[in-house]
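Here is a quick tour of this protein for anyone planning to look at it on screen. We begin with one local feature and then zoom out.

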Amino acid sequence: MITNTELEYKGNLYPNMVVDFRRDGGKFFFTSDNGVVLQITVMRNSVLRVRYATDYNFEPDFSYAISSQASRGYDELKDETTPTDYRIYTSRLQVLVDKKTMRVQISDLEGNIINEDELGFHWEENYEYGGNTVKMSKITQASESFYGMGDKATHSNLKGRRVTNWVTDQYAYGKEEDPLYKAIPFYLGLHNNRAYGIFFDNSFCTHFDFAHERRNVTSFWADGGEMNYYFFYGPALSKVVQSYTDLTGTPELPPLWALGYHQSKWSYYPEKRVKEIAKTFRKLKIPCDAIYLDIDYMDGFRCFTWDKKRFPDPKKLVKELESTGFKTVVMIDPGIKVDRDYWVYKEGLENDYFCKRADGPLMSGKVWPGPCSFPDFTNPEVRRWWAGLYEDFIKESGIHAVWNDMNEPAVMEVPTKTAPLDMRHDYDGHRCSHRKAHNVYGMQMVRATFKGVKKTVFPKRPFVITRAAFAGTQRYSCTWTGDNVATWEHLWIANVQVQRMCLSGYSFVGSDIGGFAEQPNGELFARWIQLGIFHPFCRVHSSGDHGDQEPWSFDDEVTGIVRKFIELRYQLLPYLYTMFWKYVREGVPMLKSLVYYDQEDTQTHFRTDEFIFGEQILVCPVQEPNAKGRRMYIPRGRWHNYWTGEIVEGGSEKWIAADIDKIPLFIKEGAIIPKYPVQQYVGEKKIDQLTLNVHYKKGIEHSTVYEDSQDGYDYRKGEYSLRNFRLSGKDKELIIQQYKDGTYITPYETFKVNLIGLPFRIESIEVDNEEVSLDEVRLNGDNTIVVNKNFSELHISGA
């Protein structure tokens with residue numbers, strides 16, 4: 001007779017003595033007496049993968065986050081065994097594994113500790129769901145700071161905070177509210193001027209404690225799955241971010257119009273209203289490249305349909321908008337209305353494409369159309385079906401891009417705001433519950449959308465947007481920070497979130513400018529525009545419940561300010577496009593927090609407001625009402641005030657005047673900033689001259705300009721124009737050298753060179769070692785000259 005059926009609660013379990021060690025190429029296996037296996041894989045000289053199995057067996061090795069293009073390989077690799085530990089050496093790192101406890105310590109080759117286990121790996125059996133809660137604790141080093149983790153609405157430096165990754169539809173979220181729409185379990189640590197990163201590749205709900213519970217301990221854990229993380233060493237933060245971004249991937253270059261200004265609302269309808277919006281933009285000469293249609297364009301919120309009363313002829317409307325330079329972007333949600341007369345639902349039902357509960361019935365959840373079924377986007381066959389739905393939809397209407405929303409997935413009128421945890425998923429053949437698939441659901445939806453849009457719009461480039469995201473989603477889609485609020489606090493949040501996303505490998509990001517919920521006043525809207533034009537994705541989006549939020553919705557002064565800054569965005573498009581090219585090619589974040597820019601300066605470690613736009617433009621938004629300026633930290637170096645031309649020495653805080661019509665804006669000394677003429681939309685004008693704003697520096701500075709046909713894939717065949725400039729300045733001399741690559745022939749033949757901050761009067765100019773008359777290069781009193789775009793060396797001498 002059984003008298004006690006209660007399971008024994010074992011609490012935290014730990015590895016004990018290592019009893020076996022073996023090496024297989026770049027993989028090292030350590031097995032403990034109680035069945036824990038530690039696998040350390042050397043991916044690159046400064047990139048390691050660390051995996052733990054309990055009961056001797058690893059789970060199938062599968063990840064949605066890792067890019068198939070990730071770099072592999074190392075220079076040298078050796079190991080040795082001592083009486084107390086095992087040691088692995090790369091050309092950059094040494095790894096110690098303790099024989100008694102299996103704890104790991106990672107140092108540089110000089111023996112400086114970068115990262116070390118506290119309790120290290122431990123786990124707890126999960127009797128409710130099965131499997132384990134897997135845990136890792138690390139020693140927090142003295143004065144260590146932490147960054148990254150995606151869209152968290154909190155201070156840039158995460159020291160002393162605890163965060164959770166579980167993608168959540170968090171309408172009108174507040175500061176410190178967590179979790180939000182993204183799950184990016186990657187953080188950067190910085191201490192003693194040495195930076196490292198850890199990416200916890202686990203799609204279950206994950207938690208991170210950055211010395212919150214215990215001041216000297218940083219820990220992370222997951223509600224299921226494996227303890228499987230990647231370690232990246234810098235020592236520069238820039239190298240860590242680039243290594244992580246290399247591992248999880250970068251997007252394709254977008255069409256240039258995707259980097260223009262976009263206008264959206266929930267919702268623009270009927271078509272007459274859409275036309276009015278477009279007409280007003282052109283009438284007021286406020287540049288705009290795209291208009292968005294939210295869910296109200298659909299027939300009863302059925303995806304892939306049109307409401308023929310509101311939009312009787314979608315193709316005609318889209319064509320009319322296109323004739324005046326507007327692209328049309330429409331929303332598609334994951335929830336498919338339960339309606340047996342609705343062809344998408346019928347196809348999904350007949351082919352068994354919808355998610356089911358544990359006991360077999362279809363999962364049903366309420367969204368905008370009412371009861372809905374949800375495709376299992378973790379099933380490759382379902383992704384192919386979903387991608388195929390876009391072909392006829394796009395061809396029949398002519399739309400240009402797609403916006404995936406509500407894809408956490410969001411479910412209404414349930415406390416969890418999402419699908420039940422017992423919902424089942426294919427997970428690309430690794431069948432699982434929603435506990436494991438939830439965080440990647442939106443990612444796999446937008447992956448399918450990207451594939452479908454790309455195939456249909458080819459040979460043009462696709463543009464796709466998602467709200468929910470997991471690590472690696474940047475390969476497929478742009479994103480935004482979700483349903484924010486029209487408050488000054490949210491202006492601060494938007495600034496921090498976008499910087500944090502860029503540090504987390506996801507640069508194509510922006511916020512709902514002006515706030516989605518509630519209504520901004522004109523001052524707040526103007527200040528948000530001033531910030532938003534320096535975000536990679538630049539879109540106004542708002543809830544129709546709270547009034548209008550177009551650039552002209554306030555007063556003439558605000559309209560003028562908004563126009564001025566959107567025009568600046570369009571002038572800077574070649575600079576912004578070059579930023580994007582560097583992000584795609586090298587994994588360089590498009591926005592750089594000051595700690596990224598200069599980690600040696602400890603004053604940057606807790607700065608939130610200032611950031612570097614690209615490589616050479618310093619931005620600091622004004623984030624409070626009635627301000628005539630603000631104090632800001634100027635990073636080390638010399639900077640040209642964009643508005644006044646004043647040269648400022650960095651390394652300290654300064655008061656910067658910035659009334660309502662200005663934002664504190666500085667250009668790095670020596671920078672060469674390319675500019676286009678103002679256009680009402682990308683492609684409106686033939687670019688017949690490229691302006692180069694050259695900011696004098698006594699010393700050397702490098703700048704880059706990347707251009708191509710602005711759409712299509714010929715750039716992959718070498719049809720691009722890459723110009724690398726080297727500026728060298730002396731007391732009475734300025735030399736600019738140009739190095740060219742690529743076969744694309746730009747439409748312009750000349751550069752208009754504006755020489756800014758020149759400390760001498762020009763006496764002579766040589767182009768490619770030949771002196772030219774000052775009249776020939778059209779010199780004027782503003783230190784402006786015009787030269788052929790193909791020069792190799794421009795030599796300017798003064799008296």
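## A hairpin and its neighbours

In this predicted model, strands S9 and S10 make a hairpin with six residues between them, and Gly-130 in that turn has a positive phi of about 90°. The two strands pair in the antiparallel sense over seven bridges, with S9 covering residues 113-125. If you want a landmark, look for Trp-123, which stands opposite Val-134 in S10.

S10 has another partner too: six bridges join S10 to strand S17, and these two run antiparallel. Here Ser-137 has Ser-219 in S17 as its bridge partner.

| Strand paired with S10 | Residues | Bridges | Sense |
|---|---|---|---|
| S9 | 113-125 | seven | antiparallel |
| S17 | 217-222 | six | antiparallel |

Is S10 itself enclosed or open? Seven of its eight residues (132-139) are buried, so S10 is largely enclosed by the rest of the structure.

## Zooming out

The protein as a whole has 11 helices and 51 strands. Buried residues make up 64% of its 799 residues. Its radius of gyration is 28 Å, which agrees with the value near 28 Å for a compact globule with 799 residues. The C-alpha atoms fill a box of roughly 105 × 70 × 50 Å along the principal axes.

Among contacts with a separation of 6 or more, 69% are between residues 24 or more positions apart.

Technical notes: Residues numbered from 1 in each chain as written. Predicted model: local features only at pLDDT ≥ 70, side-chain atom pairs only at ≥ 80, totals over all residues. Heavy atoms only, no water. Helix = DSSP H or I, 4+ residues; strand = E, 2+ residues; numbered from the N terminus. Rg over C-alpha atoms; globule rule 2.2 N^0.38 Å. Buried < 20%, exposed > 50% of the residue type's maximum accessible area, 1.4 Å probe, protein only. Contact = heavy atoms within 4.5 Å. Pairing = 2+ DSSP bridges.
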